[in-house]
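Here are my notes on this model. Please read them with the coordinates open.

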Amino acid sequence: MLAAECAWAILRAEHVRTRELLARLETAMKAGGEASVRQRARAAIDVIERLQAFEETTHRPKGVVMLNMLRGRSSEADGLLDQLDSESERCSGLLAQSKLLLERAGSGDTGAAAAADALLQQHRHLMSAHLDKEDTLLHSHTALLLSPEEWATVVSSISKEVGAAKRRGEPRRLPVRGQVSKPAG
């Protein structure tokens, strides 16, 4: 199960990076002193864009093959995957809404800055819980349901999926329940 350990070491390291970006975002929103609302908004937008790019072109693509293999193995695992998909979509939506509000704040709308801060707090709490579920529940399901051969396929797919996502410059969305695709090759 060396392949499984390697895959999870990579995924957990990326969860650490995501948490670091969330902390930077919180710091940018709370910057005081001489930082104006416009400066805080610009700094927060920069971090949001880094977080979005990291999620879309680095982190999510690594799990595509693993999640595709896991889907359909048990109703409990499918329920968890549906929940994680929903949370991921909600997190993406909160970031997008926050970014729009911060752009308005950058034009001087202080009410938009406060609204963005509230959405970003929701995002941080939801994303933190989401990452914890991946680290615990998803890890447990994959350990129980995927074979050593499947883990080898997962690990060998990582660089291919990340490369494809970076070439596309957009997220690779996981298939909708019932549309399980198997990895190529």
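1. Contact here means heavy atoms within 4.5 Å. Leaving out residues up to four places away in sequence, Cys91 touches His123, Leu126 and Met127. The model is predicted: local features need pLDDT of at least 70, side-chain atom pairs count only at pLDDT 80 or more, and totals for chains, interfaces and linings use all residues. Numbering runs from 1 along each chain as its sequence is written, and side-chain values use heavy atoms, with hydrogens and water left out.

2. Stay with Cys91. Cys91 sits in helix H3; helices are DSSP runs of H or I with at least four residues, strands are E runs of at least two, and both are numbered from the N terminus. Is Cys91 buried or exposed? Cys91 counts as buried because its relative accessibility is 2%. The cut-offs are under 20% relative accessible area for buried and over 50% for exposed, with partly exposed in between (1.4 Å probe, protein chains only). Between the C-alpha atoms of Cys91 and His130 there are 9.3 Å, although 39 residues separate the two along the chain.

3. Now the overall fold. The protein has five helices and zero strands. In sequence order the pattern is α-α-α-α-α. Of its 185 residues, 43% count as buried. Take contacts between residues at least 6 apart in sequence: 81% of them join residues at least 24 apart.

4. Next, the cores. A nonpolar core is a set of buried Ala, Val, Leu, Ile, Met, Phe, Trp, Tyr and Cys residues joined through side-chain atoms within 4.5 Å. The largest has 25 residues, and Leu25, Ala44, Ile48, Leu95, Leu102 and Leu120 have the most contacts inside it. At least two of its residues come from each of H1 (2–30), H2 (37–70), H3 (75–105) and H4 (110–145). A second, separate core has 17 residues, including Met66, Leu67, Ala77 and Leu84.

5. Leu120 deserves a look. Setting aside neighbours within four places in sequence, Leu120 is in contact with Leu25, Met29, Ile48, Leu95, Ser98 and Leu102.

6. The axes of H1 and H2 come within 9 Å and cross at roughly 165°. Axes are lines fitted to C-alpha atoms over the stretch in contact, and angles run from 0 to 180 degrees between N-to-C directions. H1 is therefore roughly antiparallel to H2, a label for angles over 145 degrees. By class, their contact has 15 nonpolar, four polar and eight charged residues. Nonpolar covers Ala, Val, Leu, Ile, Met, Phe, Trp, Tyr, Cys and Pro; charged covers Asp, Glu, Lys and Arg; the others, Gly among them, are polar.

Key: Angles under 35 degrees count as roughly parallel, over 145 as roughly antiparallel, 65 to 115 as roughly perpendicular and the rest as oblique.
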